[in-house]
Amino acid sequence: MPDLFTPLSLGDYTLKNRVVMAPLSRSRANSNGVPQPISAQYYRQRASAGLIIAEATATSPTGRGWINGPGIYTREQIAGWQQISEEVHRDEGVIFVQLWHMGAAVHPDFLGGNKPVSASQITLEGTLPTPIGRDRPFKQARSLSKTEIRKIITEFAQAAKNAIAAGLDGIELHAANSFLIDQFTRDGSNLRTDEYGGSIDKRLRFLSEVTDAVCDAIGSGKVGIRLSPSNEIWQVKDSQYRDTYARAVELLNPLDLAYLHLLEPRPDSGHDIQTIDYQTPNLRQIYNGILISNGGHSAASAKQMILNDGSDAVSFGKPFIANPDLVERFRHGWPINTGNRSTYYTNGPEGYIDYPTFTAEASSPV
């Protein structure tokens, strides 16, 4: 029977274990979205993961609304990612990068005062930090034209090509957590009446076209996708979420993707995000390919998830922040460090590359 440490065939690759590093925004790029050498060190420290899914990375200037978040659409950004891929590969790691467009979550402060774009004219509930202030309320987005939709799809495909050119092993589409692809998917944010809105299949058209485009660009064996079927970030709801995401998975089945990644905290996991209805078991029955689950797992619950065929691999977010050697800690039952939340999004080495391995801890003076 497989466990966390059994190799796994995933798309074009064979992973050395089933412990996946989930994408984690850490705000260490420069103001132009260029990954810095410190990030190459950070990811190499965690190359023992079966798969690293690097942080959400913008496909275009209009989709980048995270302070010191990276992009992958300029030569300088691509060169920054190349440093990262080279370092991870030195330790025989496998690394994908998550691609996103934040849609209505991009504040005008990032756009020279221009409105953000989305499926429809909506305003998200909540705030995000911008270069001007920490808790800036979201502003109303404008609806994308069909010409603009086609341009964004092309940008996703080009970003996927850029990732491969940078030496990365593949990409994950961020179709979760109420960002642009998810804004098209949910009927609470997609109010369109054309071929991109209305019925479930029409609302899923954007997701399908983006996925097709990146698969055509780099091959489906290098493409994963992340969905969050029951999360309602910023009050972006879907009145048909069970049927919507079941249909999304059905549409993904024929594409032979590297994997489907479900972000959905398990009930009673104590995760910050509360699910309205845990859908992972249902979607596991529908999806024909490799499934990675993410849901506030411990080593023990992840092991049971795999043993019970609930998923093929399990991704971990916060535990990887404070434990660069998380795989070995799980393997040997060593204690797990707790991360310092105050340094999650600071732009420096503290709380980023200075967490010790277990061996270093054991040899430190008392």
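1. The largest cavity has a volume of about 30 Å³. A cavity here is a set of points, on a 1 Å grid over the protein atoms alone, where a 1.4 Å probe fits but cannot get out. The volume is the space filled by probe spheres set on the points, with grid points joined across faces, edges and corners. The model is predicted: local features need pLDDT of at least 70, side-chain atom pairs count only at pLDDT 80 or more, and totals for chains, interfaces and linings use all residues. Residues are numbered from 1 along each chain as its sequence is written, and side-chain values use heavy atoms, with hydrogens and water left out.

2. How many cavities of 30 Å³ or more does a search of the whole structure find? The search finds one. R28, A29, P35, S39, E55, P70, W81 and I84 line the largest cavity; a lining residue has an atom within 4 Å of a point. By class, this lining has five nonpolar, one polar and two charged residues (nonpolar: Ala, Val, Leu, Ile, Met, Phe, Trp, Tyr, Cys and Pro; charged: Asp, Glu, Lys and Arg; polar: the others, Gly among them).

3. The second largest pocket holds about 240 Å³ of space. A pocket is an open set with protein on both sides within 12 Å along at least five of seven lines. Its lining is made up of S27, W66, I67, L128, P129, R134, D135 and Y345, which divide into five nonpolar, one polar and two charged.

4. Helix α1 (residues 37-45) and helix α2 (residues 75-90) have axes that come within 8 Å and cross at roughly 25°. Helices are DSSP runs (H or I, at least four residues), numbered from the N terminus. Axes are lines fitted to C-alpha atoms over the stretch in contact, and angles run from 0 to 180 degrees between N-to-C directions. The two helices are therefore roughly parallel to each other (angles under 35 degrees). P37, S39, A40, Y43 and R44 in α1 meet Q83, I84, E87, V88 and R90 in α2, contact being heavy atoms within 4.5 Å. This contact has five nonpolar, two polar and three charged residues.

5. The axes of helix α3 (residues 146-165) and helix α6 (residues 205-218) come within 9 Å and cross at roughly 35°. The residues of their contact divide into 13 nonpolar, no polar and two charged.

How values were computed. Parallel < 35°, antiparallel > 145°, perpendicular 65-115°, else oblique.
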